Amino acid sequence: MDKSLNIADVKAYKKGEGKPPLVMVTAYDAPTSRIADAAGVDIILVGDSVGMTVLGYDSTLSVGMDDMLHHVAAVTRANPRPLVIADLPWLSYHLDKVDTVLNASALIKAGAEGVKLEGGSRRLEMIDAILNAEIPVMGHLGLTPQSVNMIGGFKVQARYQSEIEKLIQDATVLADAGCFAIVLECIPDTVAGEVTKSVKIPTIGIGSGPGCDGQVLVIHDLLGMRPKGPMPRFVRKYAELEVLASEAVAMFASDVRHGDYPNAQESYHKIIEEKGK
Ligand code: KIV
């Protein structure tokens, strides 16, 4: 399957001068992969957000390599045209260089074209090791959900000058190391604009305003398939699929209970043999 964009195309992409922002969405299985492909997005992220959207956890910390491999394989079996990037889950790239490269390569063997990991200069050694194995790396700065306990919750980051300077420094380190793009999560819009101007690789924002080179949303959020309750302000819901799906299942339940399902057309019938044959 020809890819809409390859890693080198993305690495050189900066929006503006007639170039629209890049579009990335998450996908976790064959149906969401087909949906993202049919919608013509540029990049599919098999995010460790799968832990919260699909597996029912409260954070991404319970997601392991086995989960990621299972979901990356399901996404890529649908042969989507967008580039497929997979998250390295928590602790899969923190401890040991050899394990880190083996984990990243397992995601590639499962069908991803690159991996994403969270953190800045602290992760440089592991990023170098992965890049040395010829595996493209996408960075992730700002609110990094795998650090939720260190941060003290899912909060907007880089609001103060010292944090802003550190963020710009980290973005520069990632770009200089050879990352092909950086996700900027939940940082002030002007800060995201500054980071975007200061690096040659594209920034892809989530909750970071319109100044980034691209935007990403979690597919379950934009389709309205999340538990009821407050959503972050940056989530724009384009559909209410969970409500629609519940209504459809309730109609099926009612039809069964009233004896309206299945009808004759929905049933198989025995063949009546003709006499004498
Ligand atoms: O796991 C994920 O879905 C992500 C996005 C929020 C960027 O990392």
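Me: Of the 277 residues of the protein, what percentage count as buried?
Reply: This is a predicted model, and its secondary structure comprises eleven helices and eight strands. The C-alpha trace spans about 90 × 40 × 40 Å along the principal axes. Of the 277 residues, the share that counts as buried is 45%.

Me: Among contacts between residues at least 6 apart in sequence, what percentage join residues at least 24 apart?
Reply: A contact here requires heavy atoms within 4.5 Å. When the contacts between residues at least 6 apart in sequence are taken, the part that joins residues at least 24 apart is 60%.

Me: How are helices H4 and H5 oriented to each other?
Reply: The axes of H4, residues 65-77, and H5, residues 97-109, come within 9 Å and cross at roughly 20°, and the crossing is right-handed. From H4 the contact is made by Met65, Met68, Leu69 and Val72, and from H5 by Asn103, Ala106 and Leu107. Because angles under 35 degrees count as roughly parallel, the two helices H4 and H5 are described as roughly parallel.

Me: Which word describes the packing of H5 to H6?
Reply: H5 also packs with helix H6, residues 124-132, at an angle of about 50° and with the axes 9 Å apart. An angle under 35 degrees would count as roughly parallel and one of 65 to 115 as roughly perpendicular, and the rest, beyond those over 145, fall into a remaining class. The angle about 50° therefore makes H5, relative to H6, oblique.

Me: Which residues in H6 meet Lys97, Thr100, Val101 and Ala104 in H5?
Reply: The crossing of H5 and H6 is right-handed. On the H5 side the residues concerned are Lys97, Thr100, Val101 and Ala104, and those that they meet in H6 are Glu125, Met126, Ala129 and Ile130.

Me: Which residues of H9 make the contact with H8?
Reply: The axes of helix H8, residues 161-177, and H9 come within 10 Å and cross at roughly 30°, so that H8 and H9 are roughly parallel to each other. H8 passes H9 in a right-handed crossing. To this contact H8 brings Ile164, Leu167, Ile168 and Ala171, while the residues from H9 are Val191, Glu194, Val195 and Ser198.

Me: Is Cys186 buried or exposed?
Reply: Cys186 is placed in the loop between strand S6 (181-185) and helix H9 (189-198), and its phi is near 50°, a positive value in a residue other than glycine. Its relative accessibility is 10%, and the limit for this class is under 20%. Cys186 therefore counts as buried.

Me: Into which accessibility class does Leu91 fall?
Reply: Leu91 is not a glycine, although it has a positive phi of about 75°, and it lies in the loop between strand S3 (83-87) and H5. The relative accessibility of Leu91 is 40%, and buried would need under 20% and exposed over 50%. Leu91 therefore counts as partly exposed.

Me: Which residues does Thr144 touch, not counting residues up to four places away in sequence?
Reply: Thr144 is found in the loop between strand S5 (137-142) and helix H7 (148-151). With a relative accessible area of 9%, Thr144 is buried. When residues up to four places away in sequence are not counted, those that Thr144 touches are Glu118, Gly119 and Ile151.

Me: What is the geometry of the pair formed by the rings of Phe252 and Tyr261?
Reply: The structure holds one aromatic pair, and the ring centres of Phe252 and Tyr261 are 5.5 Å apart. Both residues count as partly exposed, Phe252 at 47% relative accessibility and Tyr261 at 37%. Because the ring planes stand at 70° and an angle over 60 degrees defines the class, the pair is edge-to-face.

Me: What is omega for the cis peptide bond that joins Tyr261 and Pro262?
Reply: Pro262 lies in the segment after helix H11 (241-257). The peptide bond that joins Tyr261 and Pro262 is cis, with an omega of about -5°.

Conventions
Residues numbered from 1 in each chain as written. Predicted model: local features only at pLDDT ≥ 70, side-chain atom pairs only at ≥ 80, totals over all residues. Heavy atoms only, no water. Helix = DSSP H or I, 4+ residues; strand = E, 2+ residues; numbered from the N terminus. Buried < 20%, exposed > 50% of the residue type's maximum accessible area, 1.4 Å probe, protein only. Phe/Tyr/Trp six-rings, centres within 6.5 Å; stacked < 30°, edge-to-face > 60°. Axes fitted to C-alpha atoms, helices over the stretch in contact; angles between N-to-C directions. Left-handed = near helix turned anticlockwise from the far one by under 90°.
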